[in-house]
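Please open the model in your viewer and keep the selection panel at hand. The tour below moves from one selection to the next and says what is there.

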Number of protein chains: 2
Amino acid sequence: MARPVTALDAVLDHLAEQEKTHLKELQDLVRIPSVSADPSYAKDVRKAAEWLARRLRRAGLENVGLVETAGHPAVVADWLHAGDAPTVLVYGHYDVQPAQKSDGWRFDPFEARIEDGRILGRGTTDDKGQSLCHVYAAEAWIKNGGPPVNLKMVFEGEEESGSVNFPEVLDKTGDRLRADLLVVSDSMMRGEGRPAITYSLRGLTYLQVDVQGPRGDLHSGTWGGVVWNPIEALCHMLASCKDPKTGKVRVKGFYDDVVRPSKTERATIKEHGEADEDLRRGAGVDALFGESGWSAQERIGVRPTFEVNGIWGGYTGAGSKTVIPATAHAKVSCRLVADQKPEVIAAAVERHLLAMAPEGVRAAVRTLNDGDAVRADPGHPLVKAVGKALGDAFGQPAVPLPEGGSIPAVADMQQRLGAIPVLAGFGNRDENMHAPEESFRVDSFVRGRIACARMLAEVAATGR
Amino acid sequence: MARPVTALDAVLDHLAEQEKTHLKELQDLVRIPSVSADPSYAKDVRKAAEWLARRLRRAGLENVGLVETAGHPAVVADWLHAGDAPTVLVYGHYDVQPAQKSDGWRFDPFEARIEDGRILGRGTTDDKGQSLCHVYAAEAWIKNGGPPVNLKMVFEGEEESGSVNFPEVLDKTGDRLRADLLVVSDSMMRGEGRPAITYSLRGLTYLQVDVQGPRGDLHSGTWGGVVWNPIEALCHMLASCKDPKTGKVRVKGFYDDVVRPSKTERATIKEHGEADEDLRRGAGVDALFGESGWSAQERIGVRPTFEVNGIWGGYTGAGSKTVIPATAHAKVSCRLVADQKPEVIAAAVERHLLAMAPEGVRAAVRTLNDGDAVRADPGHPLVKAVGKALGDAFGQPAVPLPEGGSIPAVADMQQRLGAIPVLAGFGNRDENMHAPEESFRVDSFVRGRIACARMLAEVAATGR
């Protein structure tokens with residue numbers, strides 16, 4: 001007995017027919033070097049925003065427009081003709097990390113060459129390729145009777161430069177972006193062809209530590225042995241923050257608000273997460289190190305961290321200079337999990353560091369930026385619906401996993417728009433996001449579009 | 001009864017008559033920007049060497065010439081007609097530290113303006129002014145019957161760039177520079193108008209520490225909590241080198257070869273050295289810190305140190321970057337005292353640091369440069385003779401004190417020429433050597449010449 005032809009079949013047929021065209025269009029978009037961090041690319045960033053707005057209009061989306069900010073604009077669009085069906089907000093970004101051939105690319109990073117089943121170039125996987133999957137899925141639905149859900153889309157132009165003006169986008173759009181579900185495709189799969197649902201992101205507090213020793217730089221001969229060297233003071237202060245044996249953060253109160261994962265969640269991470277040995281090989285180290293009592297994948301996903309991201313002081317050039325510097329500095333950050341509050345942790349770290357600063361130096365700690373952790377219930381029907389769509393598109397079940405990174409815009413949207421956040425990414429670790437030779441598998445792009453189309457049907461099926 | 005007119009009286013009269021001329025000539029020499037570290041000043045360095053050679057010839061010194069090296073030349077001269085009298089070798093340098101008005105000078109650093117009893121400009125106190133004192137003293141003696149000692153002089157052209165080619169000067173001159181006493185005027189007085197005899201200099205070993213963590217930089221979100229951060233490993237390693245309570249260096253064997261000062265020496269340092277409170281105010285810190293059981297002045301003079309001179313790793317620019325860097329680096333140095341050997345201490349520090357490097361990082365330590373400590377017996381007749389001359393010239397007794405800095409060329413000369421080293425300096429702490437607004441007190445210059453003339457008589461009086 002023949003299966004009845006459904007709207008979804010027509011949508012999938014449309015996507016199959018358009019495969020080559022969509023890939024060509026992705027090349028066009030990649031060729032616009034929309035580097036948001038470098039002001040000399042400002043025109044290209046706007047060009048990419050306008051390219052995307054035109055394409056959204058052509059796809060049949062409505063109310064397409066640019067939301068201007070103090071920085072680069074966001075592109076918004078919607079299609080709201082599904083009545084009482086759930087509302088899905090798609091978030092992506094059209095800006096990219098900086099890239100220059102001399103960084104270690106074999107080709108011009110904005111050439112968008114296709115080779116060995118991948119499209120090569122800056123922004124291919126992060127996040128132009130992933131963003132366009134949603135645009136093409138929307139178009140396929142609109143051209144075949146309309147999506148079964150109400151659809152809203154926002155594409156940011158400053159994700160790669162810290163999303164500093166994204167709150168302004170939310171201020172200006174107000175209720176326009178309210179949704180039941182927030183879908184973000186700016187993350188990675190569990191491995192080649194193995195889809196993953198990311199239901200949590202870590203938060204962040206990022207601090208700068210400044211230590212002042214003597215009034216000015218001192219000659220280490222005529223002064224050596226007399227004052228606290230601010231570099232050494234800083235080393236003592238930073239070394240005191242983490243137990244070198246257990247990997248536990250020693251800052252008082254640090255773990256107080258941490259939500260412990262359930263047994264089920266730990267079992268899922270154990271079953272589907274990366275093995276310690278694979279992570280060890282991936283990092284290229286002789287031995288892993290971290291908080292005792294947790295696997296490496298758990299430490300990345302559900303445990304907070306303390307890391308020193310940068311340190312500097314004294315003479316750092318070639319050869320030698322015998323100086324006791326006046327100052328030393330470090331950048332430190334903590335990745336946070338629910339329900340840690342960035343400002344609470346920042347204050348605790350500051351208290352600890354100041355208490356550890358020896359007499360004879362003056363230390364100051366200030367917050368450079370922060371963001372809340374994001375966490376959804378991996379068992380929520382909407383989250384499971386997205387997972388089913390991914391599983392069907394890629395031919396194997398989607399694994400629910402927590403993610404160690406932070407996307408401040410997602411936390412903002414969860415809090416301000418009341419949407420349940422879920423990250424359904426099509427990237428892979430070996431696709432070099434933020435590095436030379438970024439690429440995106442053509443197969444991920446092809447199936448990603450299908451996953452995006454399917455998830456609208458699955459979400460609609462949950463009812464409201 | 002009139003005191004009989006001696007040769008010394010005639011010498012002192014000559015110096016008094018020539019005061020204005022000598023000051024003008026110092027201005028001429030300061031106006032030649034003989035910056036040895038910057039190749040674009042190479043012609044000026046040679047011009048200064050030739051100026052000095054001409055002046056030495058005019059003073060009546062003999063065998064005046066330039067000793068060519070792979071770098072800048074040294075200028076040598078002698079006057080060897082005192083028969084069995086002792087031989088004095090004078091060492092100074094005619095090159096200067098870099099200086100640009102924009103560094104914070106009120107005037108062109110090579111203008112040599114005279115203001116408020118000081119001559120202002122790069123090289124005035126370090127070391128052109130101090131070097132010329134010896135030239136003028138020699139001239140005064142030569143024009144008045146000849147010095148009572150055999151006199152040798154060497155003026156280096158690369159002291160401010162590490163004296164790397166000075167061993168070549170000693171190779172080329174061989175026995176020509178052998179002497180009983182080595183007098184160096186490239187150091188400081190105890191305070192304004194208070195002469196000091198420096199009978200020891202610290203040695204040095206200067207190392208670079210490189211720590212390698214993961215193969216490449218890692219994103220602190222997707223990897224945070226899994227690997228030893230090389231910056232934190234380095235902080236632990238460096239923090240372990242010194243007890244934060246007692247200030248003792250914790251490196252095994254570090255103090256084994258240290259010569260302990262005698263009770264007399266400690267008493268002299270206590271009586272004449274700077275008080276802790278003065279050093280605290282000088283450094284501009286709330287509290288001093290160093291090895292317990294020793295005064296600050298003792299820690300500078302007769303105790304070895306461990307200092308971190310520079311540290312760097314990860315992101316050090318503006319704002320934030322969430323990176324776990326692949327590497328972290330530090331420059332560390334130890335000031336050494338007799339009889340510590342630089343290579344022994346370097347090996348001990350290396351062993352300690354490598355033992356403290358946690359599993360999961362790889363550390364390497366290499367020596368960038370080193371030099372032996374210099375030490376003379378403060379009670380030696382030749383040392384005391386120089387002290388008496390300084391005391392007579394400045395009108396108060398010269399204080400014998402150990403010095404914390406290192407002058408590698410002096411260690412070389414002590415070892416290769418068999419001379420007893422003594423530093424008789426005319427500089428003052430507030431004369432900003434190596435800093436903007438360097439100056440030299442005109443009175444120090446005037447009396448410095450007298451001290452140099454007197455010391456030749458005092459040394460002659462010791463016999464041989």
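**Where the two domains of chain A meet**

Begin at the place where 10 residues of domain 1 of chain A are in contact with 11 residues of domain 2 of chain A, two residues being in contact if their C-beta atoms, placed from the backbone, lie within 7 Å. On the domain 1 side of chain A, the residues that touch domain 2 of chain A divide by class into 5 nonpolar, 4 polar and 1 charged; here Ala, Val, Leu, Ile, Met, Phe, Trp, Tyr, Cys and Pro count as nonpolar, Asp, Glu, Lys and Arg as charged, and the others, Gly among them, as polar.

This is a predicted model, in which local features need pLDDT of at least 70 and side-chain atom pairs count only at pLDDT 80 or more, while totals for chains, interfaces and linings use all residues. Residues are numbered from 1 along each chain as its sequence is written, and chains are lettered from A and ligands numbered from 1 in the order in which they are written.

To colour the domains of chain A, select 7–201 + 373–461 for domain 1 and 203–266 + 302–371 for domain 2, with bounds that come from an automatic or database domain assignment. The centres of these two domains of chain A, taken over C-alpha atoms, are separated by 36 Å.

**Chain A as a whole**

Zoom out to chain A, whose C-alpha trace spans about 90 × 50 × 45 Å along its principal axes. Of its 464 residues, 57% are buried, that is, have 20 or more other C-beta atoms within 10 Å of their own, against 12 or fewer for exposed residues and a number in between for partly exposed ones, with C-beta atoms placed from the backbone. Chain A has 12 helices and 18 strands, which are DSSP runs numbered from the N terminus (helices H or I, at least four residues; strands E, at least two).

**A sheet in chain B**

Now select the open sheet of 3 strands in chain B, which has the order β4-β5-β18 with antiparallel pairing; strands pair if DSSP finds at least two bridges between them. Because β4 (114–115) and β18 (439–441) of chain B stand at the edges with a single partner strand each, one side of each is left without a neighbour in the sheet. Strand β5 (residues 118–120) of chain B pairs with β18(B) over 3 bridges, and B:L120 has B:S439 in β18(B) as its bridge partner.

**A last residue**

Finish at B:A364, in strand β14 (residues 362–371) of chain B. B:A364 is partly exposed, with 13 other C-beta atoms within 10 Å.
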